[in-house]
Amino acid sequence: MPFCTVGTQQGGVDDTKLKNSGVRIFYRTYGHGPTKVLLIIGLAGTHDSWGPQIKGLVGTDTPNDDETSTGDWNSDDNESGGGIQICAFDNRGMGQSSIPTKKSQYTTENMAKDAIALLDHLGWKNAHVFGHSMGAMTACKLAAMVPERVLSLALLNVTGGGFECFPKLGREILSVAIRFLRAKTPEQRAAVDLDTHYSKEYLEECVGHCTRKTILYQKYVSAISAIGMQSTRGFEGQLNACWTHKLMKTEIELIRSAGFLVSVIHGRHDIIAQIYHARRLAEKLQPVARMVELRGGHLVSHERTEEVNQALLELIKASEVKINPHDWTNLPKKSSGTRILLIRLSVEVGNNVSLLFYLAAKLHFCLLYLCGLFVLAFDYGRRVVRSLKPIRVGPSLTADNSQ
């Protein structure tokens, strides 16, 4: 099986005793050619989650036979001819990759170092880096750490981490959050995953005599049963990576000035990663970023496969011909000042509406935070109550005591 071993000590610490006892990252490669693409999946996903993109970009989702072979940066073996070669992998804490025990070992920076180690293992000098959700956060960190190794950057359903990870407030999302925490079987997990990954419109579409929801439910149950439910340590660790993620101004500037193009792709009906945050990130990355908004939910890569694949191919082609960033972006020109969004809203709908929108957004974040604490407290309290249930005394024991 193809694995890449990463040192357990991150942050540039050189300890030879730890080199052979690091995190093992499971990966697969697909297709052949000089164009290299690294795919980074999101929270609780595996490399298989990129199936529609792998098949769309390469033509097949069958892994290569020479999975265990590694390349050489100075070799010309893989630099001739045409075609695309893709690498997709399981993040630490999921699938067949290692599951570190400490929550602090799960950060987007550490996961970016996992991806860089994988590039080294494959012998890829540089690659187009595409990430989804948490994987897009990781891709941003990677691009800021080693911008010279990034040919282009695609960010699907991305947020800035931290409070931005809180979903859109509402009765529906609170119900989904509680169901997610209670899900203990593949069937329960599949049901809640469908409601978080896809838009209602897509799930209710009829395919033959069934709805998409019915068909996808069976596929999800089979897939989850095959790989098993994600471990508690892995899930809490990856959640910690999302919660602690933050892209600093210096990192944004590194990405913006590195010379590669960026495509921010998002589903308009995503209830997990709000499109508002993706737009803000795209604006910060002007002029190298393009915003692609599609009908769909959090897993827009599955819901609108053809449109997403077309956007990714356009990004690769534009990078190869070295298109001018100002010809690439579809965002309005960046205005001067510290409150670009408010200024734009002021011009469009007036100062009063802009101020109200700004205050409402701040209030929204506070409510999301409180609701998140409530959900976590509810789950913790339920566990405590279960552990404190009184022990029942059998009839024989009570009879003996009465005598």
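I counted a residue as buried when its relative accessible area was under 20%. By that cut-off, 46% of the 403 residues in the protein chain are buried. I note that the model is predicted.

Overall make-up. I found 16 helices and ten strands in the protein chain. Of the contacts between residues at least 6 apart in sequence, 77% join residues at least 24 apart. The chain exposes about 21,100 Å², and carbon and sulfur atoms supply 55% of that area.

Charged pairs. How many salt bridges does the structure hold? I got 13. I then went through some of the pairs.

Lys113 and Glu109 form a salt bridge, with 3.7 Å between the closest N and O atoms. Both sit in helix 2 (residues 108-122), and because they are four residues apart, about one helical turn separates them. Lys113 is buried at 17% relative accessible area, while Glu109 is partly exposed at 39%.

Glu253 and Arg256 pair at 2.9 Å, N to O. I placed both in helix 9 (residues 249-256), three residues apart, about one turn of the helix. Glu253 is partly exposed at 37% relative accessibility, and Arg256 is partly exposed at 27%.

Glu314 and Arg290 form a salt bridge at 3.5 Å, N to O. This pair links distant parts of the chain: Glu314 is in helix 12 (residues 305-320) and Arg290 in strand 10 (residues 289-294), 24 residues apart. Glu314 has 33% relative accessibility and counts as partly exposed.

Last, I noted a network: Arg179, Asp195 and Lys213 are joined by salt bridges that share partners.

How values were computed: Residues numbered from 1 in each chain as written. Predicted model: local features only at pLDDT ≥ 70, side-chain atom pairs only at ≥ 80, totals over all residues. Heavy atoms only, no water. Helix = DSSP H or I, 4+ residues; strand = E, 2+ residues; numbered from the N terminus. Buried < 20%, exposed > 50% of the residue type's maximum accessible area, 1.4 Å probe, protein only. Contact = heavy atoms within 4.5 Å. Areas by Shrake-Rupley, 256 points an atom, 1.4 Å probe, with all protein chains shown as cover. Salt bridge = Lys/Arg side-chain N within 4 Å of Asp/Glu carboxyl O.
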